[in-house]
Amino acid sequence: MHVQEWLETVPAVSIYALVGVVIGLESLGIPLPGEIILVSSALLASQHGDINPVVLGACATAGAIIGDSIGYAIGRKGGRPLLAWLGRRFPKHFSEGHVATAERSFEKWGMWAVFFGRFVALLRIFAGPLAGVLRMPYWKFLIANVLGGILWAGGTTAVIYYVGIVAESWLKRFSWLGLVVALAIGLLSMLILKRKTKKAAAGTAQAADSTEPQPVPAGD
């Protein structure tokens, strides 16, 4: 079956549900390919008239915010023993080294670790639970969670959707080859966005470090 014909058989409601559930589970701390699902679905929406990109973006945003909030509640209740259990259960993602890296990010950036964490795969899984474990005030967490969820989920959907629209002629002419090319372009766009976000996060961390008081020798 032609790829375009196959895509048109996918029910829109199943795409909305899949995106919301996968991103929600990833955000609460379960290592799942949320970004890949979101990028693929946004590209699909650009070629499937029944899939509304606004609804898709809203489902992705809701999944991200709700999932992170549930992760925060679980982390606040479970504390350090939860991280130890996750390390035994998912050693590849919740190793002591990864936990330490994420914790240093929270120490440097505070609530902005939740915001910038949306754009970094490791922090996206850790952000909610770790914020709860570290007892971050919920109002700070909620602000960063909502802003990050909207920018990451909504922004990703919009960027990939319009990339798919631009690549429509390729999809019609080359079928699966065009789909691969369009997906590659979309992923490249997200990598560029991630790189810029990491630079911004690094700048925020350096600014925070520069404001810390410097130790004064005892003789002074």
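Contact here means heavy atoms within 4.5 Å. Helices (H or I, at least four residues) and strands (E, at least two) are DSSP runs, numbered from the N terminus. The model is predicted: local features need pLDDT of at least 70, side-chain atom pairs count only at pLDDT 80 or more, and totals for chains, interfaces and linings use all residues. Residues are numbered from 1 along each chain as its sequence is written, and side-chain values use heavy atoms, with hydrogens and water left out.

**View 1. Helix H3 against helix H8.** In H3, the contact residues are Glu-35, Leu-38, Val-39, Ala-42, Leu-43, Ala-45, Ser-46 and Gln-47. They meet Trp-152, Ala-153, Thr-156, Thr-157, Ile-160, Tyr-161, Gly-164 and Ile-165 in H8. This contact divides into ten nonpolar, five polar and one charged residue. For these classes, Ala, Val, Leu, Ile, Met, Phe, Trp, Tyr, Cys and Pro count as nonpolar, Asp, Glu, Lys and Arg as charged, and the others, Gly among them, as polar. H3 spans residues 34–47 and H8 residues 138–166. Their axes lie 8 Å apart, at an angle of about 45°. Axes are lines fitted to C-alpha atoms, for helices over the stretch in contact, and angles run from 0 to 180 degrees between N-to-C directions. H3 and H8 are therefore oblique to each other. Angles under 35 degrees count as roughly parallel, over 145 as roughly antiparallel, 65 to 115 as roughly perpendicular, and the rest as oblique. The crossing of H3 and H8 is right-handed. That term applies if the near helix is turned clockwise from the far one by less than a right angle, and left-handed if anticlockwise.

**View 2. Helix H2 against helix H3.** H2 covers residues 12–27 and packs on H3 at about 160°, with the axes 9 Å apart. H2 is therefore roughly antiparallel to H3. Their crossing is left-handed. From H2 come Ile-15, Leu-18, Val-19, Val-22, Ile-23 and Glu-26. From H3 come Gly-34, Glu-35, Ile-37, Leu-38, Ser-41 and Leu-44. By class, this contact holds eight nonpolar, two polar and two charged residues.

**View 3. Asn-145 in helix H8.** Asn-145 sits in H8. Its relative accessible area is 0%, so Asn-145 is buried. Buried means under 20% relative accessible area, exposed over 50%, and partly exposed in between (1.4 Å probe, protein chains only). Beyond four places in sequence, Asn-145 touches Ala-64, Ile-65, Asp-68, Ser-69, Val-114 and Arg-118.

**View 4. Arg-118 and its polar partners.** Arg-118 lies in the loop between helix H6 (112–117) and helix H7 (121–133). With a relative accessible area of 1%, Arg-118 is buried too. Its side chain makes a polar contact of 3.2 Å with the side chain of Asp-68. Another, of 2.9 Å, joins the side chains of Arg-118 and Asn-145. A polar contact is a pair of N or O atoms within 3.5 Å; within protein, one must be able to donate a hydrogen and the other to accept it, and residues adjacent in sequence count only if both atoms are side-chain atoms. Outside four places in sequence, the residues in contact with Arg-118 include Ser-27, Arg-124, Gly-148, Gly-149 and Trp-152.

**View 5. Arg-135 in the loop between H7 and H8.** The loop between H7 and H8 holds Arg-135. Its phi is near 60°, a positive value in a residue other than glycine. Most residues other than glycine have a negative phi.

**View 6. The whole chain.** The chain has ten helices and zero strands. Of its 220 residues, 44% count as buried.
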